[in-house]
Amino acid sequence: MARKPHVSETPATQLLRARGIAFTEHPYQYLEHGGAQHSAAVLGLDPFTVVKTLVMQDQDARPLLVLMHGNRTVSTKNLARQIGAKSVEPCKPEVANRHSGYLVGGTSPFGTKRDMPVYIESTILDLPKIAINGGRRGYLVGIDPQVCVSLLGAQPVQCALAE
């Protein structure tokens, strides 16, 4: 019987375990700039069910997290309008790393270094299960999407654009 590859704890998995939240582990070979499409292909998942964690900021440089389908992009105009901001833009990678405590490509919404508002594309909440970053490049966790609302206070928004 093949052994599962060992994955060491991350702040995200520590938080999920501490709260008693069930999750499955999905390590894969990370590819620089491969994104959610790559992880979905390698793991045999529908990219629509692989959720990206994006670190963005408003016009005053206040950080926020956006959870988006792996095969969709964020309409920053629609997002800004829905959250009452003048504008929203992605953070530069070094700024995103500082806010989240994770490296871009391995950003999890769980166990971030800094508390930030979390916004989730509303259609993600209709899925029975999602794969989302577990706090390391090349490592996804499978969870019930409702955990994002109950644990993170994620607010539903409609800002997805087809890629």
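## Strands and the position of asparagine 71

Strands, in the sense used here, are DSSP runs of E with at least two residues, numbered from the N terminus. In this predicted model, asparagine 71 sits in the loop that connects strand S3 (63-69) to strand S4 (72-74). Because its relative accessible area is 16% and the cut-off for buried is under 20%, asparagine 71 counts as buried.

The side chain of asparagine 71 makes a polar contact of 3.3 Å with the side chain of arginine 72. Leaving aside residues up to four places away in sequence, asparagine 71 is in contact with Gln37, Pro47, Phe48 and Glu163.

## The largest pocket

Two or more lining residues come from each of helix H2 (35-43), strand S2 (50-58), S4 and helix H4 (93-100), with S2 providing the largest share, 7 residues.

Sorted by class, the lining of the largest pocket consists of 16 nonpolar, 13 polar and 6 charged residues.

## Helix H2 and its packing

Helix H2, which also contributes to the lining of the largest pocket, has Ala36, His38, Ser39 and Ala40 as buried residues. The buried residues of H2 pack against S2 and against strand S8 (139-143), and S2 is also the element that gives the largest share of the lining of the largest pocket. Just after H2, glycine 44 adopts a positive phi of about 70°.

Note on methods
Residues are numbered from 1 along each chain as its sequence is written. This is a predicted model: local features need pLDDT of at least 70, side-chain atom pairs count only at pLDDT 80 or more; totals for chains, interfaces and linings use all residues. Side-chain values use heavy atoms; hydrogens and water are left out. Helices (H or I, at least four residues) and strands (E, at least two) are DSSP runs, numbered from the N terminus. Buried means under 20% relative accessible area, exposed over 50%, partly exposed in between (1.4 Å probe, protein chains only). A polar contact is a pair of N or O atoms within 3.5 Å; within protein, one must be able to donate a hydrogen and the other to accept it, and residues adjacent in sequence count only if both atoms are side-chain atoms. Contact means heavy atoms within 4.5 Å. Ala, Val, Leu, Ile, Met, Phe, Trp, Tyr, Cys and Pro count as nonpolar, Asp, Glu, Lys and Arg as charged, and the others, Gly among them, as polar.
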